[in-house]
Amino acid sequence: MEKTTREQVLAALRGEGAYPVAIHDGAQSAPLHRADTNSLRSQVAAISVCQYATYELMEKTGAFWPQAHYEAAPMARLAAGGATVIGLGAVRVPYCQTVEAEIYGAKIKDGGRTHIPSIAEHPYKLGDTPEIPADFVKKGRIPAILEAIRILKREVGEKAVVMGSIVGPFSVAANLVGISALLKASLRKPDSILPYIEAATETAQQYAAAVIEAGADALVIEDMMASLDMISPRTYRALAAPYETRVIASVGKRIPVIIHICGKLDQVMTDIAATGADAISVESAVDIPAARQKFDEAGIRTPIIGAVHPIRALLEGTPEDVAAEVRKSAADGVALISPDCAVAPNTPLANLQAMVEAAGALQERR
Amino acid sequence: MSREEELHKGLSDAVVDMDEDLARELAQAVVDEGFDAYDAIEKGLSAGMEEVGRLYEEEEYFIPELLLCSDAMYAGIEILKPHIKKREDTVRHTVVIGVVEGDTHDIGKNLVKIMLESAGFDVIDLGRDIPAADFVRAAEEHQAEIIALATLMTTAMPAMREVLEVLEKEAKRGKFKVVVGGGPISPAFADKIGADVYAVNAAEAARLARELVSQGEAGK
């Protein structure tokens, strides 16, 4: 029986077998991956692990930034467009990575209609004692985000996976004291930044629980600063991974958790898998075939999600360029197609739709 | 090795070893013993930072190391700077640098600034989240030769193109070389928006900037 897109995504997140293969494009598909037709199942879904709102999507849905950052109804309407307009197998809120830091007291600069909110001022200086705000999930934009999740479940929950996205502890800590201060201290006085990472871990657990309570089907943890573009493998293992692990453990398999980290990760892919995440979302900077091979050797079954370049393909490329990257990602061994990272808001809608279409032209193989 | 060379080597090592105190101490020794401050910066601190850049490219050092090394470099510079004898003969090259509008992540920009300064450029740092027109205005005001643009976010990339568009629109594109870089930026994107060069990291940005100005000098 044909699975719905939603079921395809959930099955992929459960790690159920599927590696997509390209069967329609003789020249492109690796013979290695060519399956006999009996083992072919349904089509492969595309999602966007990170933000996917674009100016065109705002026009189509009639929901615009900045309102969609703050109010549940437009937030949900814009996010739902991911499923109804683009055809993604999952929708997500919010659109930025400043929600937690704002509640901790960071000054936020509004991005208006064209940009996402950003951090204007960090709330702490290294050495200050961070205070965990009481009733964290009732503060700031979290109530609107939780309400948007409930609306999305009602509106598109039948066809698409509804994802709530939170920021990983290391990255929240970076937003609390500033990335430079955090990075320097990570080398010299790692103890001095532990209180921030600990606090961010505690509030991430509360936030994750509220996202589950609101009915989300999956949790995304974006830990963008825990990248090897920023820190060494040793620092990742000491100051990022243990806390990601704690947040994921607190979810306790109630819903699947996708962890997303930007940039280079080759040296820590098995460490990321060891956090217990149900899937790992990576950029094309990662050597996915090498990671898959390492995983196979270690008996790790964690699916990898990716890796269509948001600039080279989606923003600047043609629909054909996008399709080529979808096929390459499939050949590399991803379980679900997704852009590498946040989609730029001026990305042509046609290219996002081309990503979904090209993913649909792949076939799932047991 | 002469005493002066010893001090240069010591300063370079202090930077590579992230030893701020030692950098300060040796810089003070350069001053007290009457050696040339400018040479101590160039052959000591900057040479050390160049080695740091190499270690970074080889993935021996990561950004935290780079930041601490630069702290050591600046600690030494702070002591040496007041003692630099003004040299009329050396041409100073100016770079205007900033993070484009919509992005407040300035770590990459700060690293490029460090490497440019250690390579001898005068750097006008506009900061982060900077509107396109401000880059052009600042570059004119400071008679810069190079505009360096950074962003870490895919969502802010349209703003990078805007700077090039403003230059074109005001018919000033020929006046400045434009260097772009940052996490999501690719050589193809740099080409597409009409930037002069793409730098993959901070060390390369400084190297390319040097090449750009020496081309300019050769062309004069």
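Reader: What makes β10(A) and strand β11 (residues 336-339) of chain A a pair?

Author: In this predicted model, two strands pair if DSSP finds at least two bridges between them; β10(A) and β11(A) have four bridges and run in the parallel sense, so by that criterion they are a pair.

Reader: Why is strand β10 (residues 304-308) of chain A called mostly covered?

Author: A residue is buried if 20 or more other C-beta atoms lie within 10 Å of its own, and five of the five residues of β10(A) are buried.

Reader: Why do β3 (90-93) and β11 of chain A stand at the edges?

Author: The order in this open sheet of seven strands is β3-β6-β7-β8-β9-β10-β11 (chain A), with parallel pairing. β3(A) and β11(A) each have a single partner strand, so one side of each is left without a neighbour in the sheet. From one strand to the next, the twist averages 30°. Elsewhere in chain A, strand β7 (residues 218-222) and strand β8 (residues 257-260) are joined in parallel by four bridges, with Ile221(A) opposite Ile259(A) in β8(A).

Reader: Which strands does helix α1 (residues 5-13) of chain A touch as it packs on the sheet?

Author: Helix α1(A) touches β3, β6 (161-167), β7, β9 and β11 of chain A, and its direction makes about 50° with that of β6(A). Helix α9 (residues 190-213) of chain A also packs on the sheet, where it touches β6 and β7 of chain A, and its direction makes about 165° with that of β6(A).

Reader: Turning to chain B, why is strand β1 (residues 94-99) called mostly covered?

Author: The count is again of residues with 20 or more other C-beta atoms within 10 Å, and five of the six residues of β1(B) are buried. Four bridges join β1(B) in parallel to strand β2 (residues 122-125) of chain B, where Asp122(B) stands opposite Thr94(B). Together, β1(B), α5(B) and β2(B) make a right-handed β-α-β unit. β1(B) also pairs in the parallel sense with strand β3 (residues 146-150) of chain B, over five bridges, and there Val96(B) has Ile147(B) as its bridge partner.

Reader: How do you know that chain B and chain A are in contact, and how many residues take part?

Author: Two residues are in contact if their C-beta atoms lie within 7 Å; 23 residues of chain B are in contact with 32 residues of chain A. On chain B's side, α4 (63-80), α5 (107-118), α7 (157-169) and α8 (187-193) each supply at least two residues, and the largest share, five residues, comes from α4(B). By class, that side of chain B has twelve nonpolar, seven polar and four charged residues.

Note on methods
Residues numbered from 1 in each chain as written. Chains lettered and ligands numbered in written order. Predicted model: local features only at pLDDT ≥ 70, side-chain atom pairs only at ≥ 80, totals over all residues. Nonpolar A, V, L, I, M, F, W, Y, C, P; charged D, E, K, R; others polar. Buried ≥ 20, exposed ≤ 12 C-beta atoms within 10 Å, placed from the backbone. Axes fitted to C-alpha atoms, helices over the stretch in contact; angles between N-to-C directions. Right-handed = clockwise from strand over helix to strand, strands pointing away.
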